[in-house]
Amino acid sequence: MSAPDPFSAALRGLRLIAGLDPEPDPETASRLRLAEALSAGAPMPADRRPSALISIFHTVEGASGPPRVYPLLPLNRQRETLFPKEATPEDPPELALRNLEDDLKKSLEEALRDARDHPSARVAGAMGAMARFAWCLPGPAPDISRYDHGRTVGAFAALLAEAPPEGLAQWEAALQAGSEASVDTPPVALLVKGDVSGIQRFLYQVTGKGAARGLRGRSLYLQLLSEAVALFVLRRLRLPLTNLLYSGGGHFLLLARPADETRLPEIRREVTRRLAAFHGPFLALVLAAVPIRPHELHGEGLQQAFEALHRRLAQAKARRLEGLPPEDWEAFLVGAQPDSSRRSQNPADHAEKWTDCMVCGIRGLKGEEIVVEREGRSKCKRCRSLEDLGRAAVDLQAIAWIEREPLSLPDRPERAAPWEKALQAFGFAVSLFRASGPKPSPEPPEAGWALVWLVEDSPDLRGRIRRALGERPIAFFPRFLLRRAPRVRPEDRERFARCYDDPDEMPEAGDVRDFTMLQHSSRGIQRLGVLRADLDGAGALFSRGLGKAMRLARLMALSSALSRFFEGYVETLCETVERETGRPDTLYAVYAGGDDLFIVGAWDVVADFAARLRRELAEYTGHHPRLTLSAALTLHDGREAVHLFAEEAGRALEEGAKAYQRPDGKAKDALRFLERTLPWGPEEAFWTVLEWSERFRQGVESAAARPRPGRGRSLLFALIRWGARPQRARPAPRNGPGQPILVPWIWHAAYFIRRWQDLTPAEDPLREVLDAMRREWDRWDEQGGPIALSRLLAEIWMPAARWAELRTRHEEGCARQPSADSV
């Protein structure tokens, strides 16, 4: 028998769960059985093949209603594939199940051929095949997919491959004993959590001028950089891809050997030095680790392990640059300044040779680090390369990670170096495959195997990638990447010409639309909409949400399900909203990953997207009361600096939506918009406001074509005025009843609404709105009297009228207002 090997053991684990592995030798079989049990957190049951995969959200505490099941389809980002549905008795799953399993076996065989016996490529290719076809196949439990179970089994199999037989016996006994296991049982694994600290600052710390063109590329670059760091750590630990349990949003989770804990400080220092070599002290790797025993891999034991991991990570963030060699500090801290050895003593000579990047602000040598495009317009080579990356991201089909020897570090930080060089420092040459544009550049002959992220998938694309990468080993892996960025159309150059003082500032056709174009693509008031949103209580969801059912494979299933929504379906949703509103190229998806997102665009389309996002998340999770979303939508001038409107939207999210609390004690699950926080759970105020806003808008726009067109907007301003006035209470007369008396704004409103109704002809479109308002007024009056009416004015009609007023405002903007049927 060959010597134990983590890569071959991980592959055996994957093939076992896929149902392909032949009968192994007794020792290998015992290790695989233990790996399966560790993945499940308990000895495996005899029957481990449920007929359908149930949504993992049904296992999260607080779920109600019948479970929902996933359709048996290969992975893609379409709604009909990703959304679980209610199971029906007439569903015929057997044939679909058999077909998908056949496709899985063929894909696994193809993956082994592409890998050409390379250990890392074999594991990654098998994982890719399972990610595509086994994501919806049930595993050992009805809510754990065969893919999520397979990768955790493979991860444990890799750790057990080098373990001595006596250790296996101890771990198996501890697993059988459960809570009664000996406290002296040695750890079986090490949970390692990594965080690339500082990515938010790097993403947003750019000026407003020229920022939009590179923002998509900057966001994608940070995603690639975080992944490169995770893969670098994995490579240093000599572990297969199965042991990278999660990677996204600058965070990653690894399953390592207990003995690897002593190696982590040196790996962290090496990664931080490599990050600092290209970003100064602004990016650093933070690592935390917690050893875990077999009997702690389920329920409360696993909950406590993750809570301890989060605490240690928070402590490590406070010392993120700890451990850097003293000789590095001067270079890292002054890296933003010009090299003094190259600085001229003559101020005039210095000004002639040095300049600043107009996007990120760093100073460098003209021609060498900073490219002067024209007078007053200079960009560093990194920002120019990020603009190119942003253009490439729009029609990106695949990314090839080609392993190579890491570059040697420069003597001083190279913060103006193109983005590719920073990834090469972690041992990867990256090739981009696009639907259009230039072919990927040839890679150096010494480069090794290639991990190919398939953003799209087709036989033709795979063939094109194989031809481009030559004879090197390849592993294909489906990976959702947010590519949504609005493109400049040929007619946009004329349409938005008046928006620019200098025509040379306009982006070219095919380029990414800048914030000026997005702002003036709005209808009504011309503003840029900025949406920031994230899942409420995500930390508590992962540490406590599964309760006693918590297992490592279930956590991976929960993570996978959320990633499919935020990293995959959000792009589909952007396309859907633009298509249904007839407003293409108006949404710019800057970031979406893990459990949060950041979207900018024409403000009215962003508002429609926010409402649709909340509805779709509820449908995706089966209307789970614990899986809610908080968001903030703020309006800005497109000339503002990115970090300013990102910070304002972030404050509105934290201080408005996430701080919102209902009278019954339920918190969050709200939207902060127009300086008001609206709860948007089922049957809550936001949906009523949205309905009335649309009714007001239609009434005002229809009335605008009739005589006295301003009456509709006059109604809106009156509602805004009444709703903004507080319904102050004053004490009753001394001898009267002990009830407060309201200042009579509501009676003024009642009079004018009735008066407007009486004076509006029946054929006037505004009359229909007034009739509906009168019916609603009477209903609220009957149910709650003056107190209820004051709430109707302040909490429903006033925000609805403000929203409708912004939608119907005809500003004197620099561009023509889009007509109702324009695209």
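How many salt bridges does a search of the whole structure find? The search finds 55 salt bridges, a salt bridge being a side-chain nitrogen of Lys or Arg within 4 Å of a carboxyl oxygen of Asp or Glu. Side chains of opposite charge can pair when their charged atoms come close.

The model is predicted, so local features need pLDDT of at least 70 and side-chain atom pairs count only at pLDDT 80 or more, while totals for chains, interfaces and linings use all residues. Residues are numbered from 1 along each chain as its sequence is written, and side-chain values use heavy atoms, with hydrogens and water left out.

| Pair | N to O distance |
|---|---|
| Glu508 and Arg493 | 3.8 Å |
| Asp669 and Arg614 | 3.0 Å |
| Arg662 and Glu684 | 2.6 Å |

Glu508 and Arg493 form a salt bridge. Because Glu508 lies in the loop between α17 (492-495) and α18 (515-519) and Arg493 in helix α17, this pair ties together parts that are 15 residues apart in sequence. Helices (H or I, at least four residues) and strands (E, at least two) are DSSP runs, numbered from the N terminus.

Asp669 and Arg614 also meet in a salt bridge. This pair links distant parts of the chain, 55 residues apart: Asp669 is in the loop between α22 (642-657) and β19 (670-673), and Arg614 is in helix α21 (residues 603-620). Both Asp669 and Arg614 are buried (under 20% relative accessible area, with exposed over 50% and partly exposed in between; 1.4 Å probe, protein chains only).

Arg662 and Glu684 are both buried.

Finally, Glu110, Asp114, Arg132, Asp457, Arg462 and Arg466 are linked in a network of salt bridges.
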